[in-house]
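Subject: Structure handover

Hello,

Please find the structure below, followed by notes on what was found in it.

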Amino acid sequence: MVQERSEIDEEYKWNLEDMFQSKDEWETDFEELSEKINEFEEFQGKVTESGETLFEVLKLRENVKRKIKNLASFAQMRSDQDTRNQDYQAMKSESSTLSSEFSSAVSFIEPEIQDAGEERINQLIEEKEELEVYRHYFDDVLRFRPHTLSKEEEKLVSSLGDVLDAPDEAFKMLMNADMDFPEVETPEGEKIEITQGNMSVLLKNKNREFRKEVYEKFYDEINTVTNTVTSTFEKNVKKNVKLAEIRDYDSAREASLFNSNIPVSVYDNLVETVEANLDVLHKHLELKKSVLEVDQMEIHDVYMPVATSEEPEIDFEKAKEYVLEAVEPLGEEYQKVMREGLESGWVDVYENRGKRSGAYSGGTYDSMPYILMNYQDDVNSMYTLAHELGHSMHSHFSTENQPYVYGGYKIFVAEVASTVNEALLTRYLLENASEEVRKHALSHYLENFRNTLFRQTLFAHFEQEVHEEVENGEALNSKKLNKMYRSLKEDYYEPVEIDERIVKEWMRIPHFYYNFYVFQYSTGISAAETLVEKIKEEGPEDYLEFLKTGSSKYPIEALKVAG
């Protein structure tokens, strides 16, 4: 059975007290910031009247934004560790409202910078040398000029922030808090509750009938909320399309990619290239069919590793040891920071009742780069740890080497750092681990390409198609979405029988609420594999420099730094 949070040892929980010692401390900051937001009114209409004024308003915005991010991140992580806790839900809601109020209060700043134009901004930089650090930021703001609304309209859109997040929030609450998945009895007689977190693990069980039972019960439960999820999904797509129309983009996809200055051609090239090489995926699935000795591959067989031996159990302590050794090619400093982070409360390790499914790296410029996991003592969880540590190390080097304005980084480059760690782990295990671990590491490596390159590109193609449907004035319903998803699934998984359950897989994918996010997993693994070979041959210097750039360069330019 899944444990309650109180049953888990403190050493395996993240140290959120490093951000706020108590709810009272959080509420004190909340009240102060609620008042602080009013100070922006005096700058309206005056942002670019002098270099001093521009610098003053930018610093004020940074200071307030940093503190609001701390409030919101803390509340989000507290909520994620137990989505049933109503106090945490209230804190998350309050911080979301405050974030929207802040966005509305500062919404005039960038339109005024855009109205001033490049020549005036350059004059102000000469007038106030402290503005020089913002040069790339100004370039980015001016780039958005054709897609920026009037001050009044920007304020209105900004004020709707927490309302526009409603589809994503509703989906999360449904999947993580409200849905109860059934129990199954393992071939060994143990009763286990199926969850979003353990479903893929259960589908690696050698007993085919058990895998089938898990698969069918999971998707039969998903099927009970078809109407709710379809409505939530459609509203999210419509939101993306409408916001793109409001800002005069050609499509929701262009609007999303424009944010990171990524040409739409990068997306198209990914989908076209991967789909021109689906024979590689088909060969992998045929190999798996041969290993499993089945006449017909079914969806519940797909998660099975190519390695036929019993998967080695890898507890969290062993996983830490493997990952730390694997990143040795990135240098002593990288290893040292990672080791210290693992010992000081970066990671919330184990699944507990009510905990958000999956894994992520979070935190803020001022906090630890926290990691949420649902560790399962297996090879996949070890790789997830390596992956999320890649994100967290990227965050560490960015915040240590960049001012706040460039302390973050775009998602397009984020998945490079995470996948470099995975690739290094594979190479380390193949050279140093036991035979059984090597077999399963290689099997995982193959699965990683199936999941990260092929599966995420399938998702990207589906996401593109559903948005195009809405952009063409078509309505979405579950029948149409199932049909669209089935068509892609049949192309990608040609050797596998596609049944009526798997066509509903789109219903359980949280990343579809992140607005053209998933394609970056595929571009990330492509870049990461190239960079690991370069690190091995030439050393880590260029790669570490890339980690330190934060958002001081556009993503494609940052990747050029890495080589």
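I start with the cavities. Helix 10 (208-223) and helix 19 (435-471) each give at least two residues to the lining of the largest cavity. Please keep in mind that this is a predicted model.

The structure has three cavities of 30 Å³ or more. The volume of the largest cavity is about 90 Å³. There are 14 residues in its lining, and those closest to the centre of the cavity are Ile299, Tyr303, Lys489, Ile502 and Glu505. Sorted by class, the lining of the largest cavity consists of nine nonpolar and five charged residues, with no polar ones.

The second largest cavity holds about 60 Å³ of space. Its lining is made up of Gln76, Ser79, Asp80, Thr83, Lys92, Glu169, Lys172, Met173, Asn176 and Arg356. Two helices, helix 2 (51-81) and helix 8 (166-178), each contribute at least two residues to that lining. Which helix gives the largest share of the lining of the second largest cavity? Helix 8 does, with four residues. By class, the lining of the second largest cavity has one nonpolar residue, four polar residues and five charged residues.

The lining of the second largest pocket divides into twelve nonpolar, eight polar and eleven charged residues.

The remaining notes are about helix packing. Two packed helices are described by the angle between their axes and the distance between the axes.

Take helix 2 again, this time with helix 3 (residues 86-105). Their axes come within 8 Å and cross at roughly 155°. Because angles over 145 degrees count as roughly antiparallel, helix 2 is roughly antiparallel to helix 3. The crossing of these two helices is left-handed. On the side of helix 2, the contact is made by Arg61, Val64, Lys65, Ile68, Leu71, Ala72, Phe74, Ala75, Gln76, Arg78, Ser79 and Gln81. On the side of helix 3, the contact is made by Tyr88, Gln89, Met91, Lys92, Ser95, Leu98, Ser99 and Phe102. By class, the contact of helix 2 with helix 3 has ten nonpolar, six polar and four charged residues. Gln76, Ser79 and Lys92 belong to this contact and also to the lining of the second largest cavity.

The other pair is helix 15 (residues 316-326) and helix 16 (residues 332-343). These pack at an angle of about 165°, and their axes are 9 Å apart. With that angle, helix 15 is roughly antiparallel to helix 16. How does helix 15 pass helix 16, in a left-handed or a right-handed crossing? The crossing is right-handed. Lys320, Val323, Leu324 and Glu325 of helix 15 meet Gln335, Met338, Arg339, Leu342 and Glu343 of helix 16. By class, the contact of helix 15 with helix 16 has four nonpolar residues, one polar residue and four charged residues.

Regards

Technical notes
Residues are numbered from 1 along each chain as its sequence is written. This is a predicted model: local features need pLDDT of at least 70, side-chain atom pairs count only at pLDDT 80 or more; totals for chains, interfaces and linings use all residues. Side-chain values use heavy atoms; hydrogens and water are left out. On a 1 Å grid over the protein atoms alone, a cavity is a set of points where a 1.4 Å probe fits but cannot get out, and a pocket is an open set with protein on both sides within 12 Å along at least five of seven lines; lining residues have an atom within 4 Å of a point. Grid points are joined across faces, edges and corners, and a volume is the space filled by probe spheres set on the points. Ala, Val, Leu, Ile, Met, Phe, Trp, Tyr, Cys and Pro count as nonpolar, Asp, Glu, Lys and Arg as charged, and the others, Gly among them, as polar. Axes are lines fitted to C-alpha atoms, for helices over the stretch in contact, and angles run from 0 to 180 degrees between N-to-C directions. Angles under 35 degrees count as roughly parallel, over 145 as roughly antiparallel, 65 to 115 as roughly perpendicular and the rest as oblique. A crossing is left-handed if the near helix is turned anticlockwise from the far one by less than a right angle, and right-handed if clockwise. Contact means heavy atoms within 4.5 Å.
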